[in-house]
Amino acid sequence: MDNPTVAQSGLWLLILLPLAGALVNGLVGRKLGKANVALIAIGAMVAAFLSALVVYVQVLAGRNVASGGSENWFHVLGPDGRAMVSIAWGLWVDRLSGTLLLVVTGVGLLIHVYSTSYMSHEDDAGYARFFTYLNLFVAAMLTLVLGDSLVLTFVGWEGVGLCSYLLIGFWYTDEQKAFCGRKAFVTNRIGDFGFLIGVFTILSIFGTANYGQLAAAVKGHGVDTLLTAGAFAGWTLGRALTLATLGLFVGCCGKSAQLPLYVWLPDAMAGPTPVSALIHAATMVTAGVYLVARTSFLFALAPATMATVCLVGALTAVFAAAIAFFQNDIKKVLAYSTVSQLGFMFIGVGAGVYFAGVMHLVTHAFFKACLFLGAGSVMHGMHEDTDIRNMGGLKDKMPHTRMTFLIATMAITGIVPLSGFFSKDAILAGALNSENAAFPAVGKIAYVLGTIAAAGTAFYMMRCYFLTFSGKPRTKVAEHAHESSPAMTGVLWILAVLSVVALLLGLPRFEIFGRWGEVFGDYMHPVFAQALGILHGEGGEAAEHVALWPFAVAWGVALASGALAWAMYVGNLREVPGKLARAFPGFYRFGVDKFRVDELYDLFVVKFVKNGAWVLWKVVDRIVIEGIFVNGIPRVLAGLGRFFRLGQNGDLQRYAAVIAVAAAVVLWVVLGTGAR
Amino acid sequence: MVPSSYYLALAAILFSIGLFGVVSKRNILIVFMCIELMLNAANLTFLAFARQSGNMAGHAIAFFVIAVAAAEAAVGLAIVIAIYRTRGTLHMDEVRVLRD
Amino acid sequence: MNFPTQDFAALAPVGILSGGALILLLSEVFLASTRRGYQASLTVLFSILAAVAAAGGGSPGVIFNGQATVDAFSTFVTVIVCAGLALSALVGAGWLRARQAERGEFYALALFGASGMALLGSATDLLFAFISIEVMSISTYALAAYIRRGKKPAEAAFKYFILGSFSSALLLYGTALVYGAAGSTLFAEIGRAQGPLLVVGLGLVAVGLSFKVAAVPFHVWTPDVYEGAPTPVTAFMAAGVKTAAFAVLTRLALVAFQATPASAANSFAWVLAALALVSMLFGNWLALTQRSVKRMLAYSSIAHAGYLLVGVVAAAAAGAREAALSSILFYLASYTATVVGAFAVVAVLERRGRSLDEEPADAWDLERFAGLGRKRPGLAFAMAVFMVSLAGVPPTAGFIGKLLVFQAAISAHAYGLAVVGMLTSALGAYYYLRVVVYMYMRPAEDREIGLISPAIQVALALAVVAVIVLGVGPETVSKLARAAAAIGM
């Protein structure tokens with residue numbers, strides 16, 4: 001991050017524009033009418049996207065853009081009376097955050113346009129509320145991406161979490177949907193706690209949370225450097241950073257829906273479909289990947305964390321893909337597929353092929369947004385039915401939706417030459433060739449698990465496509481389905497085209513591609529140079545492995561399992577799925593129930609708390625915990641609270657007695673230990 | 001001459017009686033008087049220590065405390081009257097609207 | 001012996017506050033007009049004057065032979081108290097006018113109370129502290145009973161009065177014992193003594209002060225009194241009494257930590273740490289179950305006392321003292337702005353009975369907030385800002401306050417307290433954000449829109465601006481807090 005910086009106070013405009021849109025729509029939107037609300041929201045997004053382009057031209061020219069890095073936010077004093085921690089309000093655009101900036105404003109703009117049509121059935125107030133939240137989300141997401149310190153990123157992190165919560169529960173009158181919002185909220189709080197631990201640890205080690213200063217602080221230091229000052233004096237840098245980065249990664253697991261905190265994302269589909277596309281596929285959920293990439297130089301110094309990231313990513317990829325096999329709700333399939341693809345991104349950043357992880361983030365934003373919006377279009381045509389078993393034959397009724405959905409499906413499946421193939425393959429090949437200092441085999445394990453997950457992806461995505469669009473309509477509704485409005489299909493086509501042309505980013509480094517080989521990797525290199533230097537020795541590079549066979553394997557796997565899906569749902573083997581389900585009924589149910597992870601949490605967390613509470617406080621046994629996880633914990637706490645409130649019975653003299661007894665205890669303590 | 005430790009013990013006993021009264025007596029006025037008793041026990045302690053050490057500050061402090069206690073009694077009695085007006089009784093059990 | 005003119009000059013802010021109180025009392029006698037709008041303005045004016053006098057008066061240091069110290073610390077406390085007074089007076093103006101109960105006594109009592117609080121900020125003598133506490137408390141006892149209709153205000157005042165005097169008696173008896181052990185009540189001289197008498201004395205004093213700051217288990221009075229007292233008075237108590245009590249507790253804790261033998265200092269640190277711990281846990285926990293927002297805020301004030309106590313504990317460690325003290329001051333400033341604002345919204349939305357004596361049971365129920373985002377977007381936004389700040393979410397004042405306190409705790413190696421603090425903050429987010437959810441995501445139950453009062457709107461605007469400014473650009477205030485953290489003993 002030593003590139004020259006250009007002062008660009010206009011950078012703040014990027015965040016302020018959508019924020020202003022949210023303010024106007026939030027305060028007076030419902031009186032303006034739908035057309036004006038849409039105009040304001042989209043106007044703000046267009047302006048933000050154009051400003052992002054202007055900024056990005058600077059970045060392309062090799063100049064990083066910073067803004068306001070010297071304006072102090074606050075200081076914390078150290079023991080010696082000097083500022084130990086100083087946090088500034090500053091924005092920072094380099095090639096990494098610039099790329100994300102384009103994705104957020106670009107995809108965000110498209111989804112705003114799509115939503116004007118999709119949400120048109122809402123009443124005026126609901127319409128205004130929706131665009132308020134959506135604009136607010138974009139502002140928060142840009143804060144997350146552009147912030148030049150962990151603290152500012154955390155501001156955005158909480159902001160996007162809030163918007164996600166509000167939007168999942170958008171139709172709050174439906175109790176079930178409001179519950180899903182709460183589930184997302186509680187799960188994310190667990191992650192945020194980890195994030196905070198990470199930030200505090202980093203502040204204690206370095207006294208700063210600014211990315212540039214952190215990078216400078218670890219420059220030239222190795223894993224074995226002994227810390228001499230601060231709360232971690234006497235620890236080696238590697239050990240302290242392992243603690244810090246593990247904390248951050250717990251935060252990433254929450255936000256980016258990795259094992260074991262992924263449970264909220266499938267339920268987040270309760271929100272309107274454009275929200276699922278924007279927040280729960282393209283942007284917010286990738287914040288964890290962005291964070292790891294942003295602090296790559298810290299993660300690189302903590303090999304144990306890198307191994308954890310890689311392994312968690314690989315396990316999540318396989319696990320979520322396996323659940324997706326059994327889903328019949330089109331949005332649930334896409335949700336589990338998102339969890340699985342996020343797992344791939346974490347394999348990438350965990351194995352040290354950062355550019356590949358980020359590249360997959362970008363391509364995934366395109367094709368998954370396309371898939372979700374396509375699903376939204378299908379839902380419109382099907383009168384909000386989401387069960388793919390009720391569909392079929394839609395290819396004639398909804399030609400545009402079908403074509404774009406097919407393109408995006410091929411992209412995610414990894415059919416050459418679409419973008420998904422190259423980004424996914426770059427991750428897997430990179431993982432295969434990576435060497436982790438703490439756990440050398442982790443790259444190979446991730447490669448194997450990732451390849452299995454890739455095969456799974458091809459299968460369930462093709463299954464989803466075939467069941468939805470091929471064959472004959474299976475219900476009346478499907479027979480009368482209709483294509484959506486041009487505002488929606490137009491957006492679908494743009495995203496579909498993007499998911500194809502994004503392949504230019506990811507061509508591997510083969511002779512025949514000439515200067516297009518690994519163009520994204522080279523482009524991102526300055527951002528990750530320091531981390532790569534740590535991983536592969538100063539000035540060194542990852543050994544060049546341009547072997548052909550991983551590509552061949554990946555391609556073969558994708559084709560084979562895609563073909564299998566065709567055979568089983570369209571072709572000659574159509575009897576097989578039913579037979580399999582009948583042959584292994586128990587396993588089938590288990591899969592349909594998403595491997596009963598929700599129930600496991602129920603059993604483990606809620607029952608544990610409940611029994612503990614019963615043993616400790618027999619009084620509270622009347623509090624029956626029927627709700628699951630989210631309902632459970634607040635209720636248990638509330639029950640205990642009620643027990644302690646028995647002391648608060650309104651009788652003044654009981655209060656006086658409590659005070660007198662407590663005073664006696666205090667005196668006993670201070671006398672017992674302090675008098676001598 | 002009576003040793004000052006006797007005064008201190010007396011003060012401690014008075015303080016305890018006052019404390020016990022606040023916690024156990026159900027009549028509001030008696031509770032009120034018990035608090036006065038506690039303040040005066042503290043006063044007596046000040047005086048005893050002042051005499052024991054020959055330090056005059058304690059005597060001065062006692063006057064301050066008496067003044068403060070008088071002000072407190074004035075406001076306190078006004079509040080007790082307000083309680084009586086809203087409830088028509090001075091029993092503790094009636095003062096339990098605010099709870100939980 | 002000369003009359004200590006200079007020493008009295010140093011207490012000019014206190015003089016302005018109590019002088020103002022007398023003027024307002026007299027105005028009620030001589031200007032028997034029905035229009036009383038000027039009284040709130042006068043109160044605000046006096047508090048601004050007092051704040052200016054405090055800020056401009058410099059730091060004369062030790063006055064009255066060591067009984068008080070006017071330094072940057074006491075100045076900071078005085079300014080916070082004045083800000084809390086001015087905001088509460090504005091809230092009171094709107095609230096009382098709607099109930100036809102606006103009188104000069106109300107403002108006079110508030111000004112007297114504030115003068116006691118300002119005195120408490122500079123107290124460095126146990127007797128001086130006792131008298132200041134009584135000046136503060138007697139005024140607030142009377143304020144709590146200010147509304148003489150219905151059962152609740154009188155009961156709140158009564159409970160506050162009996163338990164407050166009870167704790168004052170404990171504190172006074174502790175003072176007497178300390179006097180016996182040390183031969184003096186000056187903070188500076190307490191430390192020279194030792195022995196069980198001193199330890200018991202300081203222990204009783206600590207109990208008395210813990211009562212005033214509402215730390216668990218000395219918090220029992222808080223929910224009932226906060227609920228029953230008139231809402232503007234509750235705001236004033238939550239902001240002012242807490243600030244002043246923490247100021248003197250902090251000064252005394254430093255003495256107790258520094259001067260008494262190591263083992264005693266240790267056990268005091270343990271006691272304070274334990275109080276902080278249970279306050280954070282129970283305050284948040286009990287707030288969870290409340291449907292009455294006013295009572296929820298009462299429990300939340302107990303939790304915030306816990307966070308502040310974490311700061312006091314951190315001040316015990318020699319290394320982190322300055323950071324801890326400045327974090328306490330910053331936290332007090334941010335809490336004052338936030339909590340007065342939150343109670344102002346509660347005051348606006350309070351349900352009133354049909355007759356004057358009727359006290360609806362659901363006067364402050366969460367339902368009152370349902371649909372507020374549509375009915376009164378501005379008010380809902382203000383409440384959302386306060387809730388987010390109380391929950392400690394950036395970019396608000398509450399976040400910076402918590403961050404500074406926990407950072408100080410970590411510097412002082414009090415990791416356990418910092419972790420519990422963060423966890424309980426997460427718990428707290430649930431009930432604070434529940435209010436936000438009600439405002440924006442529940443349909444309105446009725447068409448009532450609550451009180452409309454320009455005075456309260458001014459107070460709300462000021463509080464919102466303060467909360468956001470302290471959250472976005474805390475540097476100015478935190479710099480002052482750091483300067484104030486150098487306590488000259």
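Me: How many residues of chain B are in contact with chain C?
Reply: In this predicted model, 31 residues of chain B are in contact with 31 residues of chain C.

Me: Which helices of chain B supply that side?
Reply: At least two residues each come from α1 (4-24), α2 (28-53) and α3 (57-87) of chain B, and α3(B) gives the most to the side that touches chain C, with 14 residues.

Me: And what classes of residue are on the side of chain B that touches chain C?
Reply: By class, that side of chain B has 23 nonpolar residues, together with six polar and two charged ones.

Me: Switching to confidence, what ipTM does the predictor give the complex?
Reply: The predictor gives the complex an ipTM of 0.96, alongside a pTM of 0.66.

Me: What about the mean pLDDT of chain C?
Reply: For chain C the mean pLDDT is 89, and 96% of its residues reach 70 or more. Among the elements of chain C, the lowest mean pLDDT, 82, belongs to helix α20 (residues 475-484), whereas helix α6 (residues 126-144) has the highest, 95.

Me: While we're in chain C, where is C:Ala455?
Reply: C:Ala455 has its place in helix α19 (residues 454-472) of chain C.

Me: Is that residue, C:Ala455, buried or exposed, and why?
Reply: C:Ala455 is buried, because 21 other C-beta atoms lie within 10 Å and the cut-off for buried is 20 or more.

Me: Which residues does C:Ala455 touch, leaving out those up to four places away in sequence?
Reply: With those left out, C:Ala455 touches C:Ala40, C:Leu90, C:Ala93 and C:Gly94. The C-alpha atoms of C:Ala455 and C:Val91 are separated by 6.5 Å, although these two residues are 364 residues apart along the chain.

Me: Now chain A: at what angle do α3 and α15 pack?
Reply: Helix α3 (residues 95-118) and helix α15 (residues 354-381) of chain A pack at an angle of about 5°, and their axes are 11 Å apart. That angle makes α3(A) roughly parallel to α15(A).

Me: Which residues make the contact?
Reply: On the α3(A) side the residues are A:Leu96, A:Thr99, A:Val103, A:Val107, A:Ile111, A:Tyr114 and A:Tyr118, and on the α15(A) side they are A:Val358, A:Val362, A:Ala365, A:Ala369, A:Leu373 and A:Gly376. By class, the contact of α3(A) with α15(A) divides into eleven nonpolar residues, two polar and no charged.

Me: How are α2 and α4 of chain A packed?
Reply: Helix α2 (residues 34-60) and helix α4 (residues 124-146) of chain A pack at an angle of about 10° with their axes 9 Å apart, and α2(A) and α4(A) are therefore roughly parallel to each other. Several residues meet there, including A:Lys34, A:Ala41 and A:Met45 in α2(A) and A:Asp124, A:Phe131 and A:Asn135 in α4(A). The contact of α2(A) with α4(A) has eleven nonpolar residues, one polar and two charged.

Me: Last one: how many residues of α5(A) are buried?
Reply: In α5(A), 19 of the 19 residues are buried, so this helix is largely enclosed by the rest of the structure. Helix α5 (residues 150-168) of chain A reaches 26 Å from its first C-alpha to its last, which is close to the 27 Å expected at 1.5 Å a residue.

Methods:
Residues are numbered from 1 along each chain as its sequence is written. Chains are lettered from A and ligands numbered from 1 in the order in which they are written. This is a predicted model: local features need pLDDT of at least 70, side-chain atom pairs count only at pLDDT 80 or more; totals for chains, interfaces and linings use all residues. Helices (H or I, at least four residues) and strands (E, at least two) are DSSP runs, numbered from the N terminus. The expected span of a helix is 1.5 Å times one less than its number of residues. A residue is buried if 20 or more other C-beta atoms lie within 10 Å of its own, exposed if 12 or fewer, and partly exposed in between; C-beta atoms are placed from the backbone. Two residues are in contact if their C-beta atoms, placed from the backbone, lie within 7 Å. Ala, Val, Leu, Ile, Met, Phe, Trp, Tyr, Cys and Pro count as nonpolar, Asp, Glu, Lys and Arg as charged, and the others, Gly among them, as polar. Axes are lines fitted to C-alpha atoms, for helices over the stretch in contact, and angles run from 0 to 180 degrees between N-to-C directions. Angles under 35 degrees count as roughly parallel, over 145 as roughly antiparallel, 65 to 115 as roughly perpendicular and the rest as oblique. pLDDT is the predictor's confidence in each residue, from 0 to 100.
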